[in-house]
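Welcome! Please take a moment to look over the sequence and the 3D structure shown here before reading on.

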Amino acid sequence: MRPKILEPLYYNIQNISGIGPYYTSLIKNLVGDRYKDILLHMPTSSIKRKIINNVLESQINQKIIFTGIITSTWTTYKKPRMSIATVKFKETNISIIYFNVKKIWFEGLFKKGNELAISGTLQKRNSKYQIVHPDYVENNIKTRIPLFETLYPLTKGLNKNKLSSVIQKVINVLPSFEEWIDLKLIKSKKWPKFDEAIKSIHFPRNQKSLDQYPIFLERLAYDEALSRQLALNLIRVHKRKKIKKAKNSKAFLRKKLSSLLPFKLTKSQNNVLLDIYKDLNSNEKMSRLIQGDVGSGKTIVAFFSLLYVVESGYQGALMVPTEILSQQHYNFFKKYSDGLGIKIELLIGKEKNLKKQKILSKVSNGLVDIIIGTHAIIQKNVKFKNLGLVVIDEQHRFGVYQRLALLQKSPDADFMVMTATPIPRTLILTNYGDMDLSIMNEKPLNRPLIKTITVNNNKINDVISSISNSLKNGEQVFWVCPLVQESENIDLIAVETRAKSLNNYFPNQISVIHGKMSYEEKENNLNQFIKSQKPILVSTTVIEVGIDIPKANIMIIEHAERFGLSQLHQLRGRIGRGMKDSICILLYDKKLSNVAKNRLTTMKNTNDGFLISEKDLELRGPGELLGTRQSGEQSFRILDLNTHKDLVEIANNEAKLISNKNPQLLGSQGSALKNLLYLFDQDKAVELIKIG
Ligand code: ADP
Ligand code: MG
């Protein structure tokens, strides 16, 4: 049950007089329609006005308030049509100027001889004072024009005054909460109380409260960070309490696979595996994130982990985002499965065919040790005999609560997620804070060099002739285009068009894959590339995630300026996996924005995925980076992950302390924190506490 004190904050704004369904729906689309949504809608800027006694040069470009008498008005006929009123204030004339306003309206308001209260930005032009489009013109000169005012993100049909009136109503019922932030921290940061911060951010009373805006906002950003971190840490504690049977293995299969592999594991791979084995062999459920750069060798880590549970008598599942990748992993595992004496199956596609039914029945009878596939492998119709481990490869799109649901579904299963490319630490905390973390920061030795160059699109012919040389040396080329079909509006070069034009230079050497092909077609075309029958693969970003074709050593990305950094890094990660030195060519359009330039330079300068991910967060923001912008999984109202990194760290430490010391959120501190969780919609975590 929701704490009583919060009740008013869940009221719907529709009941506020003067709002009604029309404005409610506008505001709802902008921020939400509960009182608390309105409270947490932060202004983007503020205005300060000054009542003046006489006009001074120093007031130019400032917002002034004055009362004056209209001495003349006129409207020009040329376009743009100007309506001008001269207002006499003390001994100075000020022109009030409008462009393209209705004459009737203008003449109704500005009547010669009338006295008006006016506010706007003072300007001087040709030694005359003027105000263009004033903010306020009041017939009743006793009207109080606000000295301080905040500006909000608005939406079409909703003006500032309407929104302000709603905010005012809501603030009137804002309760004063028991403090949930540690008092020492409050003191050192000079933060105000929650309600005080909210009030003076929305309605700054004086210069001082305007000046303190960043501090007030910081307090609220911290509140939001703390609520998120606390929720995640409570979930983490909750998961730990999930008892399962410890899995032990004699390491026979591990030794066997090691002897079959053509390489030795890196130190990173071994360390991460030790973390994993320890978790598997404990009574607490594993919930672990494996964070590793492209090419650091995560697949084999998944394989060893799955073998461990198989040897302990369980089944394992490996889930990947695409069918192509499922097939690739399956092929790789299959190379060793006979030698290891284990049974592996691939499960893809939605159709209910006979083969699929057969596989499903084998899975439920325990005749399959490891199953590999897309989302299909965790659907309801897949019944495992005894699932011991779920590995999610390269999969970013699971939210915290989806992961939790997955983990709760199978009593003895452990759970691990492997990232596609590194994720910045702040995002790890805010999105994966419910999991333990292992980092693979080392790539296998003797990896060839990857050189990255940028080439202007108008030199594409040079690129084509250099490919021609490379093909003579038996090299293989990925050619990535951004879109599938030629679109009139967007001048991206479609895969099909590109394949056709390349075919003129390299007849019968081009293979194509894109997302709209059937699985069979994709697989067939990819195989022609893998076998070098067709040494150029023209594709969309479907090859972005996970594809491992060590022989291919040339990557060409068209319109590289349109990709995000992590995506470019992920694409480039397809090369530099084999023996040959590799080259990545980023083709760009001459109209480069600064951000795009910055991205391409970063790509040229570094191959370090950890660095690149930090830069990507800086340039693009978290939603784009995690691919969750649409899903709403991770969006903060106030917290900005670029500017408030330190707050996330502090909040995380605090949340860890709380969730260890007081995981049930008991006592007065506990109930204060529950209020916080509800305020920022993290109350699902509170429900977990009750489940125990
Ligand atoms: P990613 O971390 O990007 O998923 P993969 O698991 O696809 O990387 O591994 C990249 C390539 O490196 C594969 O061809 C894999 O077989 C190989 N590989 C993995 N571990 C090692 C190692 N320790 N030494 C040499 N090659 C390795
Ligand atoms: Mg991979």
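This report looks at the domains, the ligand and the cavities in turn.

## About the model

This is a predicted model, in which local features need pLDDT of at least 70, side-chain atom pairs count only at pLDDT 80 or more, and totals for chains, interfaces and linings use all residues. Residues are numbered from 1 along each chain as its sequence is written, chains are lettered from A and ligands numbered from 1 in the order in which they are written, and side-chain values use heavy atoms, leaving out hydrogens and water.

## Domains

An automatic or database assignment sets the domain bounds. The protein chain is divided into domain 1 (4–45 + 165–211), domain 2 (50–145), domain 3 (252–440) and domain 4 (450–606). Taken over C-alpha atoms, the centres of domain 1 and domain 4 are 50 Å apart.

## Around ligand 1

There are 16 residues around ligand 1 (a heavy atom within 4 Å). Lys-264, Gly-295, Thr-299, Arg-447 and Asp-548 come nearest.

Now for some polar contacts (pairs of N or O atoms within 3.5 Å). A polar backbone atom of Lys-264 is 2.8 Å from a nitrogen atom of ligand 1. The side chain of Thr-299 has a polar atom 2.7 Å from an oxygen atom of the ligand, and an N or O atom in the side chain of Asp-548 is 2.7 Å from an oxygen atom of ligand 1. The protein buries 88% of the 560 Å² that ligand 1 exposes when taken alone (Shrake-Rupley method, 1.4 Å probe).

## Cavities

A cavity is a set of points on a 1 Å grid over the protein atoms alone where a 1.4 Å probe fits but cannot get out. The whole structure holds three cavities of 30 Å³ or more. The largest cavity has a volume of about 80 Å³, counted as the space filled by probe spheres set on the points. Its lining residues (an atom within 4 Å of a point) include Leu-234, His-238, Pro-663 and Ile-689.

Technical notes: A polar contact is a pair of N or O atoms within 3.5 Å; within protein, one must be able to donate a hydrogen and the other to accept it, and residues adjacent in sequence count only if both atoms are side-chain atoms. On a 1 Å grid over the protein atoms alone, a cavity is a set of points where a 1.4 Å probe fits but cannot get out, and a pocket is an open set with protein on both sides within 12 Å along at least five of seven lines; lining residues have an atom within 4 Å of a point.
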